[in-house]
Each structure stands twice: as C-alpha cells, then as structure tokens.
Amino acid sequence: MSVLTIKNCLDPVLRKKCDLIQDINENLVTLSEDMIETMYAATGVGLAANQVGIASRLIVVDLGFKEEKHEPLIIVNPVITASEEEQIGQEGCLSIPEVYADVKRFQQVEVKGVDLNGKDVRLEAEGFMARAFQHEMDHLEGKLFWDMLGKVKRDMLKRKFKKILKEMQE
Ligand code: NI
C-alpha cells in the first residue's frame, strides 16, 4: 500500500463528474487500498478517487480512525437512494486544507453501491456518517463543500485557502 498525493481544489480533476466503474479489477483494489492508506495518513474520514487524481466513482469512508479502530468502507458507484431530515454541522476537506464551514446536509441517507467483490451493498447512515457520505459523493459530481454556501462566504473561504496554500509553499 502506498500513500498517494491528495490534489487540492485548484486541480481540475476535483471539478470532474467522475465516470461509472464498469470493471472491478486488481487496479481498483490497489487504488482502494492506497486511498485508505492516504486517508489515514492525512487523518481524514473520507476520500473520493478524484482527490487522488482518478476520476472514477469510488469512495472510501472510515469514521473509526480517531478511536484507532479501523473500519474502512469502500463503495464503488455509490448513490443516495433515500434521504431524510436536515442537519447543520462543520465540514472540512482534505483538498481544502485548514478551511472549515458549517454546511447543511441530510441527517439520514440510504446509500447503495457495490463492494470490491462486485456485491451489492446497501447501508443507512445518520449524523456525521451521513455527512461524510454526502461530502464524498459530491466529489464524484465535481462538487466541493463550499459550493453549498452563499457566494460571500465561499469567496471568503477561497481567499483563506489561497493564503494557507501560499504559506504552505513558502
Ligand atoms: Ni472532501
């Protein structure tokens, strides 16, 4: 397994609508393992394939990281099939380091997709887990969390991100 480079939000791959995965092969298994490794290395709770430069519909999520229980979920071609109620909570993104904002999301979602064995998966998530799924699945549509906000707030966060990026490069 290897740690991959996470693309930041200025990379056009983060704006791509990702392709459906037709074939679950060895490359996809390796990519999934590397994405999990990358997510852990960055202490994130989720990662979408386009964040590591691959515009395919694959996400990994693991909220157990902070309790040192690793329970990674890998979902190929995920879709939200039902959603209920709303929540507002803080969100960040590994492609937008050190920038956080309150984002409105569904409180409960049902997610369907396929696992690495090609088997159908269906799961229900609520609260922060539901938030993580919605955030990662937005990536597959080329969307970033600040797209959910108003323009004034978004522009403010973009300026903050550019400042942080500049500091990181110095
Ligand atoms: Ni993100």
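Author: The questions and answers below go through this predicted model.

Reader: Which protein atoms are the donors of the nickel ion?

Author: The distances to the ion run from 2.0 to 2.3 Å. A donor here must lie within 2.8 Å of the metal. Along the chain the donors follow the spacing C-x41-H-x3-H. They are C93 (SG), H135 (NE2) and H139 (NE2).

Reader: How many residues apart in sequence are the parts that C93 and H139 tie together?

Author: C93 and H139 are both buried. C93 belongs to strand β3 (residues 73-93), while H139 belongs to helix α2 (residues 127-140), so the pair links parts whose separation in sequence is 46 residues.

Reader: What span does helix α1 reach from its first C-alpha to its last?

Author: Helix α1 covers residues 26-41, which makes 16 residues. At 1.5 Å a residue, 22 Å is expected. The model comes close to that, at 23 Å.

Reader: What covers the buried residues of α1?

Author: The buried residues of α1 include L28, L31, M35 and M39. An α-helix has 3.6 residues a turn, so residues three or four places apart point the same way. The cover over the buried residues of α1 includes β1 (46-48), β2 (58-61) and β3.

Reader: Is S56 buried or exposed?

Author: S56 sits in the loop between β1 and β2. Buried means under 20% relative accessible area. S56 has 18%, so S56 counts as buried.

Reader: What distance separates the C-alpha atoms of S56 and C18?

Author: Beyond its neighbours within four places in sequence, S56 contacts C18, D19, I21, A49 and L140. C18 is 38 residues from S56 along the chain. Their C-alpha atoms are separated by 4.8 Å.

Reader: Over how many bridges do β3 and β4 pair?

Author: A hairpin of two residues joins β3 to β4. Q90 stands opposite D102 in β4. Strand β4 (residues 96-114) and β3 pair in the antiparallel sense, over 13 bridges.

Reader: Which residue takes a positive phi in the hairpin of β4 and β5?

Author: Strand β5 (residues 120-126) runs antiparallel to β4, with seven bridges joining them. One of the bridge pairs is V111 with L123 in β5. The hairpin has five residues between the strands, and the positive phi, near 80°, belongs to G118.

How values were computed
Residues are numbered from 1 along each chain as its sequence is written. This is a predicted model: local features need pLDDT of at least 70, side-chain atom pairs count only at pLDDT 80 or more; totals for chains, interfaces and linings use all residues. Side-chain values use heavy atoms; hydrogens and water are left out. Donors are N, O and S atoms within 2.8 Å of the metal (3.2 Å for Na, K and Ca); water is not among the atoms, so sites may look incomplete. Helices (H or I, at least four residues) and strands (E, at least two) are DSSP runs, numbered from the N terminus. Buried means under 20% relative accessible area, exposed over 50%, partly exposed in between (1.4 Å probe, protein chains only). The expected span of a helix is 1.5 Å times one less than its number of residues. Contact means heavy atoms within 4.5 Å. Two strands pair if DSSP finds at least two bridges between them.
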